[in-house]
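Hello,

Here is the structure I said I would pass on. My notes follow below it.

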Amino acid sequence: MSKSCKGLAMELVKCLSETDCIKVEKRSYKECAGEKCPSISAECIGLRETYFNCKRGQVDMRARIRGNKGY
């Protein structure tokens, strides 16, 4: 279960690395992923929300019994 969000994490990093937040502003991935910055595309925002929900599901006891929805 610990690796069920790994695919989403890799997609999020790939998406964020193509944004102006990383390229132009030279900010870290953590700063760019945590903020609602206009330089982040809607696709990256969707991936971020999905990744956060995946990580939250790893802590939720109901999801732990049923299994986390993998990527």
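Cys32 is buried, with a relative accessible area of 1%. In this predicted model, Cys32 forms a disulfide with Cys21, the sulfur atoms being 1.9 Å apart. The torsion about that S-S bond is about -90 degrees, so the disulfide is left-handed. The pair links distant parts of the chain, with Cys21 in helix α2 and Cys32 in helix α3, 11 residues apart. Cys21 is buried as well, at 0%.

The structure holds three disulfides, and their pattern along the chain is 1-6, 2-5, 3-4. Cys5 pairs with Cys54 at a sulfur distance of 1.9 Å. Cys5 lies in the segment before α1 and Cys54 in helix α4, so this bond ties together parts 49 residues apart in sequence. Cys15 is joined to Cys44, S to S 1.8 Å. Here the bond connects helix α1 to helix α4, so parts 29 residues apart in sequence are tied together. The Cys15 to Cys44 link is left-handed, with -100 degrees about the S-S bond.

Cys32 and Cys44 are also among the residues with the most contacts inside the largest nonpolar core, which has 15 residues. Helices α1, α2, α3 and α4 each supply at least two residues of this core, and α1 gives the most, with five. Leu16 is in contact with Cys32 and Cys44, and its other partners beyond four places in sequence include Ile22, Tyr29 and Ile40.

Ser41 touches Cys15 and Thr19, leaving out residues up to four places away in sequence.

Regards

How values were computed
Residues are numbered from 1 along each chain as its sequence is written. This is a predicted model: local features need pLDDT of at least 70, side-chain atom pairs count only at pLDDT 80 or more; totals for chains, interfaces and linings use all residues. Side-chain values use heavy atoms; hydrogens and water are left out. A nonpolar core is a set of buried Ala, Val, Leu, Ile, Met, Phe, Trp, Tyr and Cys residues joined through side-chain atoms within 4.5 Å. Buried means under 20% relative accessible area, exposed over 50%, partly exposed in between (1.4 Å probe, protein chains only). Helices (H or I, at least four residues) and strands (E, at least two) are DSSP runs, numbered from the N terminus. Contact means heavy atoms within 4.5 Å. A disulfide is a pair of cysteine sulfur atoms within 2.5 Å.
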